[in-house]
Amino acid sequence: MRIALALAALLSAGAADARTVIVNANGYTLDDIGRLQKFGGLIVSDDGRVERLLKPGETVDGDIVDAGGRTLLPGLIDAHGHVMPLGFIALQIDLSDTTSIDQALAKIASDATANPERKWIVGGGWNQVSWGLDRFPTAEELDIAVADRPVWLTRVDGHAGWANSAALKASGITAKTPDPAGGRIERDAKGKPTGVLVDTAMALIEKKLPPPTAAERAAALETALQIMASVGLTGVHDAGIDPATWALYEQFAKDGKLTVRISAMAGGADALRAIAPKGATGWLFEDRLALNTVKLLADGALGSRGAAMIEPYSDDPENTGLMIIEGAKLRNVIAAASMRGFQVNVHAIGDKANREVLNAFADIQKMGQPLVRPSIEHAQILAPDDIGRFAKLGVIASIQPTHATSDKAMAEDRVGPERIKGGYAWKSLVNSGARIAGGSDFPVEPANPFYGLHAAVTRQDRDGQPPKGWYANEALTLQQAFAAFTTGAAYAGQQERSVGTLTPGKWADFILVDGDVFKMPAGDIWKVKVLETWLAGKRVYARD
Ligand SMILES: [Zn+2]
């Protein structure tokens, strides 16, 4: 009996040796009440969870991974990104680094040769100014690179596209095609289209683009997952998906290929009905995939003056933007989804859209219908009176710090010096007691969450502008920003009990990075490189 017990103890000690133990780490995590904690390593349980944290210098038996003193953080979570577009754009031709049209043509030709199966060659990022051209490029020039298939390349600003002759032909664009309202077809002296289409004219080509094949979609998802893991994301909230995308995510999850936890938001009420007819799915596949949320759009964007403002735009005095959904319709959609247990996340950028969505949430609560962690996505321009309502109504503000530092000049032109005080007002939101979640809106901005942490704490772009920070009174502390990308995002994804901090029982989702973010100058945070990314105790990314 004694021998048997001793043997069992030996065997179980042997099994315990297989557990992964990270030692010699410079670890940081928030604890369950939001305090920053330091630790020296962690034990990963057999099922991929945190068994316990180690003290600095402490070591125990197991499959030892020496962190070499590097900084270890919980995996970061992007509370608002677009996964498939991230992958698709990464797979397309990127001309943003080309400095001459010849260099661009060479790149386009080699991409076409490398991808003989693609029926269309698409990409973007060109800028004739950086090529030293004082005119737009032409279809004839593009034909030199690729003539056997249509080619469509959008300009760096997204407001024009460059087609070759095959693309013009496939889209039926001829000298007789009129310019659509709000757009222009570039033409020669005889009225013949020369290859560049501006603004709404771009749709003449874009509606002819073939939908991606199943293989292209799978490749895009694989690429997006790699990009996310490489920048330290272990979770993402995908801001609006269709049923086909959900099916692809499920397939990847079944195949064990989802290396980032995805909280998918159905893109509108129809997609919600199609994807989750029985109600919120809860977290599936060991907490790797969920559809608990519907995303609605209340207005447009600030750049194109589509964001709905209470008063007219400062740089367009006739225009107050446009509500996409409001009034009874907005309330009906939110109430119906809430009744079925869904979280409702509403995109609102302008102060009018934000007020209307807050009013709608308040009205529904007053009717006695509880809301499941309602969120306003972006919450960009807020009337001062509305800031305190987020906390009061329990509405999450899902913010994208890099939008502020990319948009700063444009945003101030649009809304003027007074209203901008309620713009990107993160500190005011936090001080009012609102819950915030951090994200990037990739691929509109880069997916790298360290760019977001940097923008949140410095209110500067990555060139260090402006030197004192843009309305630096709205900057967050690093701990607040770190919380937005960990515990805040986890809460917004209904998964704060399983991820967001490194705490016994939660998933061992963590990253090793090349610098101590909590000690370095704030201006350097964006330069941090992720060395390893671990999900559920398994390494899913290693730099080189
Ligand atoms: Zn978005």
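Student: Which residues are the protein donors of the zinc ion?

Tutor: This is a predicted model, where local features need pLDDT of at least 70, side-chain atom pairs count only at pLDDT 80 or more, and totals for chains, interfaces and linings use all residues. Residues are numbered from 1 along each chain as its sequence is written, and side-chain values use heavy atoms, with hydrogens and water left out. Donors are N, O and S atoms within 2.8 Å of the metal (3.2 Å for Na, K and Ca), and sites may look incomplete since water is not among the atoms. At 2.1 to 2.2 Å from the zinc ion lie His 80 (NE2), His 82 (NE2) and Asp 441 (OD).

Student: How many residues apart in sequence are the parts that His 82 and Asp 441 tie together?

Tutor: The donor spacing reads H-x1-H-x358-D. His 82 sits in the loop between β8 (76-81) and α2 (83-91), and Asp 441 in the loop between β22 (436-438) and α16 (449-458), so the pair joins parts separated by 359 residues. Helices (H or I, at least four residues) and strands (E, at least two) are DSSP runs, numbered from the N terminus.

Student: Is Asp 441 buried or exposed?

Tutor: Buried means under 20% relative accessible area, exposed over 50%, and partly exposed in between (1.4 Å probe, protein chains only). Asp 441 has a relative accessibility of 8%, so Asp 441 counts as buried.

Student: Good, now the rings. What kind of pair do Trp 126 and Phe 136 form?

Tutor: Rings of Phe, Tyr and Trp (its six-membered ring) pair if their centres lie within 6.5 Å; planes under 30 degrees apart count as stacked, over 60 as edge-to-face and the rest as tilted. The structure holds 10 aromatic pairs. In this one the centres are 6.1 Å apart and the planes stand at 85 degrees, so the pair is edge-to-face.

Student: Which residues do ring pairs link into a cluster?

Tutor: Trp 126, at 0% relative accessibility, is buried, while Phe 136 is partly exposed at 23%. Trp 126 also pairs edge-to-face with Trp 162, their centres 5.9 Å apart and planes at 65 degrees. The cluster consists of Trp 126, Trp 131, Phe 136 and Trp 162.

Student: Why do the buried residues of α10 line one face of the helix?

Tutor: In α10, the buried residues are Leu 330, Arg 331, Ile 334, Ala 335, Ala 337 and Ser 338. The arc is that of the directions from the helix axis to the C-beta atoms. Seen down the axis, these residues line one face because they fall within an arc of 165 degrees.
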